[in-house]
Amino acid sequence: MTAPHLELGRRGEDEAAVLLSRQGFRVLGRNIRNRCGEIDILAMDGDELVVVEVRVRSIGELMSPEDSVGPKKIRKLVRAGTLLVESKNWQGPWRIDLIAMTVDRKGEWNVEHFRDITDGAWRP
Amino acid sequence: MSSVHGITLRGIEAVRVETEVEITGGLFSMSIVGLPDAAVRESRERVRAALRTEGLQIRGRVAINLAPADLPKEGALLDLPIALGLAAALGAVSVPEGALFLGELSLDGRLRRVRGAVPAAILARKLGVSLYVPEENAREVSLVSGVRAYAVPDLATLLAAFRGASVLSPVEPVAPEDEDVRPDPDFSDIRGQASARRALEIAAAGHHNVLLVGSPGSGKTMLARALRGILPPLSDAELLETLLVQSSAGSPYAGGRARSFRAVHHTASTVSVCGGGHSVSPGEVTLAHRGVLFLDEFTEFRRDLLEALRQPLEDGQITVSRAAGSVQFPSRVLLVAACNPCPCGWYGDPVERCSCSASDVDRYRRKLSGPIIDRIDMYVSVPRLLPEELMSVGDTTPEDSASIRARVRKAREAQLLRWEPSGFHCNAELPERLLRKSIGLSAEARAFLSGIAGSLRLSGRGISRVLKVARSIADLAGSPDISRAHAAEALAYRKGGLPV
């Protein structure tokens, strides 16, 4: 038995993976761990590799899911993503997406997909 | 990797810049190397947005190298070559080899006016390559003959042309008309001041420096402003020089052949007048090239500023040396200076009494150093008109600017005819060797001048400046030789001036 908020997070990731494949993404893997952190979903969008971070919140929580990803988390995602991309020997372009999900009291999902959250703001 | 050529400015000269673009895999990032300034670094955002309107999405790691690496690049005019380099690296288009591109991009892909189009056109002509400029720069570029230039309204049109989907029409060369300047004030608005009118006419004809000295309210400023309306039109070569300066400074070309008129306030700094600053930009003395530099309240200017004007006034060019490098700017100006005869302003006035002590007047005059005074060809005293003279309604209106301008123009055409084969445009810029040889000094004028030069203790420069003014007076009279009367009038402007 997992804690309720972790359970919610896992359900959210399932939902996000379904959503991505419906959008034409090819999901390559989930919950990939390396020494820099964990990647929720790894997918291909056309010829571009996408590292997807999924954030789930119940409605009524103070911070919205997208606000919960700050610069520190982005840095962590970039490091984990870079490590993963290098270990897979991927030569093409890649990006980081954020899927922000809120669940309301009736159990309905409210989903927002933010593409390329670093958007050139991150420098090597 | 792809490479496209653009330019950057060094002074008023365009230097070719090679823009190399390489896109590799990785998280999206864009870095520009090769000493870009802030405007070049920010081109990242403009270029990306403009390319997106064309459906070109940049992904991966983008490295942009601006070569030569040790030359500082400035301005937004590298937007277009960077965008084309990216488009080429994405495989969207193939860019013609060697051509020069300049233009600032807006977020929707339109091209904005840039400074430096004329220097770029001259560089393109020298290299024998074609040039692509924003549509708003087409007019100034069209004045540079012998360059293959294309006006580009936006990025979409240019990319379509390179894909063969459309054809860009080349910029047609046009010679601008001599539009009549609307004089404000007109010389017909100016009462009296016969001697000052005559002096300004001579100054305009031969491009000679003038100092107007007079009491407050005597009309010095008005006369100086009226001078604008009688200046002769720019010749083709002069127009190109003027355009080169203005294009580098970023002021748009409005058409016509009018000379520039720059009025500088006496609080101006030396750098603003002589040029300099972070990227060594031209100063007022350069922006007034082939035109008028008007320094009102001449004695109130900082001493070091006036002394800094010595060399540009004499040589017609100024070399600005900074840590970033040394740049030469043209500075062939007609200096019009105006000042009061003494601190209180009433020295020599027919009615008011001067309240200055002799030493006050002396100190005031000493603000102008000998070398600066030596560079002023004509001293003109502008007496104050008495109220009854001002209020009286004369039966005759004074001559208007248009007819004075016609005479000045004729005199200047005679000078052009005489000096253009040797590469000069007006009497004031003649070098010593031409002056002695072919100025057409009559024997009696020579005898007169050599007799009087000794007793007036004229410097070598003083004598040649008198000769040049005399040549202009003769040109106005339509005379091939300088007669004794012409020489005498020229000499009068030199030694007269400040009432003693």
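The tour below goes from confidence colouring to domains, then to the contact between the chains, and ends with some local details.

**Stop 1: colour by confidence**

Keep in mind that this is a predicted model. Its overall scores are ipTM 0.81 and pTM 0.85. Colour by pLDDT and pick chain A: the average there is 88, and 97% of its residues score at least 70. Among the elements of chain A, helix 1 has the lowest mean pLDDT, 89, while strand 2 (residues 37-45) has the highest, 93.

Now switch to chain B, where the mean pLDDT is 89 and 98% of residues reach 70 or more. Where does pLDDT stay under 50 in chain B? Select residues 496-500 of chain B and you have that stretch. For these residues the model has 10 contacts beyond four places in sequence.

**Stop 2**

Give each domain of chain B its own colour: domain 1 takes 2-163, domain 2 takes 187-425 and domain 3 takes 430-492. Going by C-alpha atoms, the centres of domain 1 and domain 2 of chain B are 40 Å apart. Where these two touch, 16 residues of domain 1 of chain B meet 20 residues of domain 2 of chain B.

Stay on that interface for a moment. Domain 1 and domain 2 of chain B bury about 1,400 Å² between them, and carbon and sulfur atoms give 67% of that area. How many salt bridges does the rule find across this interface of domain 1 and domain 2 of chain B? The count is 0. Polar contacts do turn up, though: there are 6 residue pairs of that kind between domain 1 and domain 2 of chain B, both partners at pLDDT 80 or more.

To see what domain 1 of chain B brings to its contact with domain 2 of chain B, select strand 1 (2-10), helix 3 (117-127) and helix 4 (138-141) of chain B, each of which supplies at least two residues. Helix 3 of chain B gives the largest share of that side, with 4 residues.

**Stop 3: where the chains meet**

Show both chains again and select the contact between them: 16 residues come from chain A and 11 from chain B. The area buried between chain A and chain B is about 1,100 Å², with 51% of it from carbon and sulfur atoms.

Show side chains for B:Arg59 and A:Asp47, which form a salt bridge with their closest N and O atoms 2.9 Å apart. There are also 6 residue pairs in polar contact between chain A and chain B, again with both at pLDDT 80 or more. Next, select strand 4 (residues 93-103) of chain A, which supplies 4 residues, the largest share of the chain A side. By class, the side of chain A that touches chain B has 6 nonpolar, 4 polar and 6 charged residues.

**Stop 4**

Most residues other than glycine have a negative phi, and most peptide bonds are trans. Zoom in on B:Ala67 and B:Pro68: the peptide bond joining them is cis, with omega near 0°. B:Pro68 sits in the loop between strand 5 (61-67) and helix 2 (79-89) of chain B.

Then jump to A:Asn31, which has a positive phi of about 50° although it is not a glycine. You'll find A:Asn31 in strand 1 (residues 26-34) of chain A.

**Stop 5: a pair along a helix**

Over all chains, the rule counts 45 salt bridges. For one within chain A, select A:Glu7 and A:Arg10, whose closest N and O atoms are 3.9 Å apart. The two are separated by about one helical turn because A:Glu7 and A:Arg10 are 3 residues apart in helix 1 (residues 4-22) of chain A.

Conventions. Residues are numbered from 1 along each chain as its sequence is written. Chains are lettered from A and ligands numbered from 1 in the order in which they are written. Side-chain values use heavy atoms; hydrogens and water are left out. pLDDT is the predictor's confidence in each residue, from 0 to 100. Contact means heavy atoms within 4.5 Å. Domain bounds come from an automatic or database domain assignment. Buried area is the accessible area (1.4 Å probe) that two parts lose on being put together, summed over both. A salt bridge is a side-chain nitrogen of Lys or Arg within 4 Å of a carboxyl oxygen of Asp or Glu. A polar contact is a pair of N or O atoms within 3.5 Å; within protein, one must be able to donate a hydrogen and the other to accept it, and residues adjacent in sequence count only if both atoms are side-chain atoms. Ala, Val, Leu, Ile, Met, Phe, Trp, Tyr, Cys and Pro count as nonpolar, Asp, Glu, Lys and Arg as charged, and the others, Gly among them, as polar.
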